[in-house]
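Dear colleague,

Here is the structure that I promised to hand over to you. Please have it open while you read the notes that follow.

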Amino acid sequence: MNKYSEIYGLDISKDVFDVYGSQTGHTQFKNDERGFKSFLNYVSKGALVVMEATGYYHYRLAQFLFKSGVRVSVVNPLSVKRFIQMKLAKVKTDKSDAKAICEYGQMNDVPLYTALNEVQSECLQLFRLLDSYIKQSTASKNKLHGEETLGIPSKFVYRSLKRHVKHLKKEIAAIEERLLALVKQDQQYQLTLLNSIPGMGVKTALFLIVVTDGFKKFETASQLCSYDGITPTIRLSGSSVRGRSRISKVGNKKLRNLLFLCAFSACKHNKACREIYERLVNKGKSKKLALIAVANKLLKQAFAIAKSGRPYDENFVSKLA
């Protein structure tokens with residue numbers, strides 16, 4: 001028997017959000033402050049609201065409902081998509097999606113949402129902007145290289161690109177400085193602990209602290225690895241299906257990418273990570289697979305150190321991670 005009085009599935013778009021209640025059926029509200037208040041009055045006491053993580057659109061509503069005392073769950077869109085595919089649904093509308101999310105909430109033990117504080121919220125915004133600027137910088141540098149290869153047919157274009165790259169470099173440095181200052185307000189000690197791990201970059205440490213709420217959101221290292229999407233999935237069935245093991249990729253893509261980059265440095269400077277890498281490569285495994293295993297090990301080390309409150313010690317960490 002479900003522990004909630006009713007479960008509401010929400011499909012959120014730019015202007016409206018469709019609601020499907022397990023008992024009340026379908027209705028729709030405006031995706032603005034007025035619509036939020038109307039929905040709050042509509043929700044029954046002791047209910048659970050389930051919605052997909054849809055970038056900017058879900059965030060305001062999830063924060064509003066949480067602060068209003070409503071239990072909320074923000075689920076991975078890929079999980080809902082697979083759930084719908086499993087049902088062989090032939091109709092896809094906002095109403096049918098809301099109903100599917102409602103049914104997903106009824107059939108699964110979904111995690112409850114915890115609202116971000118102001119520091120966490122700003123940090124996540126800064127990371128998104130940082131990502132955007134880094135991509136722009138890379139694209140502009142590639143264009144600069146192209147202009148140089150062509151012999152700089154247009155000096156105006158070349159100079160404009162140079163100015164753009166210089167401006168982005170300045171903005172990226174300012175964002176990274178702001179991120180560091182924000183995390184230091186509340187999590188200076190934890191940041192120092194994570195920076196003691198050989199191969200763990202400052203940017204990765206910052207992002208880890210922000211997305212895990214100082215590692216409070218996870219009880220075990222396995223949960224954190226699953227959240228990051230670097231746990232292996234096995235593809236075996238009968239005698240004919242013998243697929244390669246792959247990482248799930250159902251998780252935080254940004255964190256996964258940061259850890260993968262850290263893995264290169266960890267292979268050189270982190271004893272436990274180097275041993276894993278060499279062992280897998282010597283067994284004939286691909287270097288990419290070995291680096292993923294290193295990223296997984298780094299994450300487990302970070303969890304062990306954050307939970308213990310002790311700086312990196314290769315003998316201590318090897319026992320816990």
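In which loop does Phe215 lie? Phe215 lies in the loop between α7 (202–211) and α8 (221–228), where helices (H or I, at least four residues) and strands (E, at least two) are DSSP runs numbered from the N terminus. Its phi is near 70 degrees, a positive value in a residue other than glycine, and Phe215 is buried, with a relative accessible area of 1%. Here buried means under 20% relative accessible area, exposed over 50%, and partly exposed in between (1.4 Å probe, protein chains only). Ile152, which is not a glycine either, has a positive phi of about 55 degrees; it sits in the loop between α5 (118–149) and α6 (155–195) and is partly exposed, at 29%.

Please keep in mind that this is a predicted model, in which local features need pLDDT of at least 70, side-chain atom pairs count only at pLDDT 80 or more, and totals for chains, interfaces and linings use all residues. Residues are numbered from 1 along each chain as its sequence is written, and side-chain values use heavy atoms, with hydrogens and water left out.

Turning to the sheet, five strands form an open sheet with mixed pairing, in the order β3-β2-β1-β4-β5, where two strands pair if DSSP finds at least two bridges between them. The edge strands, β3 (25–30) and β5, each pair on one side only. Strands β4 and β5 run parallel and are joined by five bridges, and Val50 has Ser73 in β5 as its bridge partner.

Best wishes
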